[in-house]
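Thanks for coming, everyone. Let me put today's model on the screen.

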Amino acid sequence: MKVLVDVRESKALFLMELLNNFSFVKVQPLTNEKALLLREIKESVDAVNLVKRGEMSARSAKDLLNEL
């Protein structure tokens, strides 16, 4: 299982040290840029799922291109 945890900078070192002491946990820190990218991708996937369920309306590609 993969878990993304958001930790205050002041506590990050403590948490990393704690997690590294567990043999069954593999820790891989993310840069702020990668964390932001993951968050934006998740939001996009959530929006697509809302459109598929009919809970949100989508714009057509033609409308998008016309706006540019």
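Let me start with a question: is D46 buried, partly exposed or exposed? D46 counts as partly exposed, because its relative accessibility is 34%. The cut-offs: buried means under 20% relative accessible area, exposed over 50%, and partly exposed in between, with a 1.4 Å probe and protein chains only.

Some ground rules. This is a predicted model, where local features need pLDDT of at least 70, side-chain atom pairs count only at pLDDT 80 or more, and totals for chains, interfaces and linings use all residues. Residues are numbered from 1 along each chain as its sequence is written, and side-chain values use heavy atoms, with hydrogens and water left out.

Now the helices. Helices are DSSP runs of H or I with at least four residues, numbered from the N terminus. α1 covers 9-20 and α2 covers 32-52. α1 has twelve residues and spans 17 Å from first C-alpha to last, close to the 16 Å expected. That expectation is 1.5 Å times one less than the number of residues. α2 has 21 residues and reaches 30 Å, close to its expected 30 Å. G54 follows α2, and its phi is positive, near 80°.

How many residues of α1 are buried? The number is zero, so α1 lies largely in the open.

Next, the salt bridges. The rule is a side-chain nitrogen of Lys or Arg within 4 Å of a carboxyl oxygen of Asp or Glu. By that rule the count is three.

Back to D46. Its partner is K42, with the closest N and O atoms 2.8 Å apart. Both sit in α2, four residues apart, about one turn of the helix. An α-helix has 3.6 residues a turn, so residues three or four places apart point the same way. K42 is exposed, at 53% relative accessible area.

R53 pairs with E55, at 3.1 Å from N to O. R53 is exposed at 53%, and E55 is exposed at 54%. E67 pairs with R59, their closest N and O atoms being 2.6 Å apart. Both E67 and R59 are exposed.

Which residues make the nonpolar patch? They are F14, L18, F22 and F24, and the patch is about 460 Å². Patch residues have over 30% relative accessible area and no salt bridge; nonpolar side chains (Val, Leu, Ile, Met, Phe, Trp, Tyr) are joined within 5 Å, and like charges within 9 Å. Areas come from the Shrake-Rupley method with a 1.4 Å probe, and for residues only the protein chains shown count as cover. F24 lies in the loop between α1 and α2. F24 is exposed, with a relative accessible area of 69%.

Now the largest pocket. It holds about 1,200 Å³ of space. Of its 24 lining residues, the closest to its centre are L4, V5, Q28, P29 and L30. α1 and α2 are the elements that give two or more residues to the lining. α1 gives the most, with six. A pocket here is an open set of points on a 1 Å grid over the protein atoms alone, where a 1.4 Å probe fits, with protein on both sides within 12 Å along at least five of seven lines; lining residues have an atom within 4 Å of a point. Points are joined across faces, edges and corners, and the volume is the space filled by probe spheres set on them.

Last item: A47, in helix α2. A47 is partly exposed at 23%. A47 and S23 are 24 residues apart in sequence and 37 Å apart in space, C-alpha to C-alpha.
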